[in-house]
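These are my notebook entries on a single model.

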Amino acid sequence: MTQRILDLHREQLAALRGRELTASVAAAEGRTMIAEVFAERAAMIPDPGGRGIHNMELVSAFGADIVVLNLIERAWDGEKLELPGLGTFTSFTDLAAYIGRPVGINLEPGDVPEIRRAKPEHAKRLIDMGAAMLCITANPGTGGSFDGMARVTEELRNGLGDDVALWSGKMHHAGHPERITVGRLTALVDAGADGVVMPLPGTMPGVTKELAAEAVAAVQDAGAIVMGAIGTSQEGSHADVVPQLALNAKEVGFDAHHFGDSYIPGMCDPEVFYAYSVAIRGRRHTWNRMGLSGRGYRSGDAR
């Protein structure tokens, strides 16, 4: 039986990946919090080489169930990760065990550095290293289109097989303005996505509650989950914006709630993230998840 992600303890969370991750998010009925961070940033370490924590650890401490690394080329050379505050890792499996969260990676179809491009060889290397899920999306100005996302989603699904979690979609226009429609989102499912990404109502012009509700229902009926994204710098809004965004998202039916990385360097406002988490799942689940933070062990560490 699939366990709800919000019930998993630290080690179970760290081991979660692939289709099992997607199913665990679906089972939590709209109470999964996801934070995207710049891979190479540690906002709490102002001086290079100084002491402190990585952005992944900070968002986890404020209630994130899953962390997603953006701009992976700044920290990953194809073989190893160099992360401020955390050091060097040669696998995402070890990284997940160390921070106690599954680690996803953003890849893109648009005009981006080669190693960030959504190509089967890059994706397979990331999955072989233990990446929990791949998010096919587009950063601002990269020109990512829905057609391009559908194309690379199909290529990745064919190249990686059925067990890999592939979540696909746009959080904003990404330099390629086009309407968000039910057909464009369900086409991503047809291409092989088991998760679809779309902006939360109130974060992008034209994305209304009515449109979002119709799209979420259609994608879920097609067999995928939907992640509602805050990717337009409102992850750094005042906390009084949270109730409207969060309760609208719950009403619409999103399975997961995403916060982008544009407040303090490379991450959201952790207090806004916390307030949103309390709004959609209460203090009990939020505080439980916060209490499961803290570093674990790395391979070879003395115990």
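The entries below follow the order in which I looked things up.

**Entry 1: basis.** I am working from a predicted model, in which local features need pLDDT of at least 70, side-chain atom pairs count only at pLDDT 80 or more, and totals for chains, interfaces and linings use all residues. Residues are numbered from 1 along each chain as its sequence is written, and side-chain values use heavy atoms, with hydrogens and water left out.

Entry 2: I took helices (H or I, at least four residues) and strands (E, at least two) as DSSP runs numbered from the N terminus. Axes are lines fitted to C-alpha atoms, for helices over the stretch in contact, and angles run from 0 to 180 degrees between N-to-C directions. I noted the contact (heavy atoms within 4.5 Å) as Lys209, Ala212, Ala213 and Val216 of helix 8 with Asn248, Glu251 and Val252 of helix 9. I sorted these residues into four nonpolar, one polar and two charged. Here Ala, Val, Leu, Ile, Met, Phe, Trp, Tyr, Cys and Pro count as nonpolar, Asp, Glu, Lys and Arg as charged, and the others, Gly among them, as polar.

**Entry 3: helix 9 and helix 10.** I then turned to helix 10 (residues 270-291), whose axis comes within 9 Å of that of helix 9 and crosses it at roughly 40°. That makes helix 9 oblique to helix 10. The contact includes Leu245 and Ala249 of helix 9, and Ala275 and Tyr276 of helix 10. By class, I recorded 10 nonpolar, no polar and one charged residues.

**Entry 4: cysteines.** I looked for disulfides (cysteine sulfur atoms within 2.5 Å) and the count came to zero. The sulfur of Cys135 is 15 Å from its closest cysteine sulfur, in Cys268, too far for a bond. I found Cys135 buried at 2% relative accessible area and Cys268 buried at 1%; buried means under 20%, exposed over 50%, partly exposed in between (1.4 Å probe, protein chains only).

**Entry 5: Pro205.** I located Pro205 in the loop between strand 8 (195-199) and helix 8. Pro205 counts as exposed, at 76% relative accessibility. Its C-alpha atom is separated by 18 Å from that of His258, 53 residues apart along the chain.

Notes: Parallel < 35°, antiparallel > 145°, perpendicular 65-115°, else oblique.
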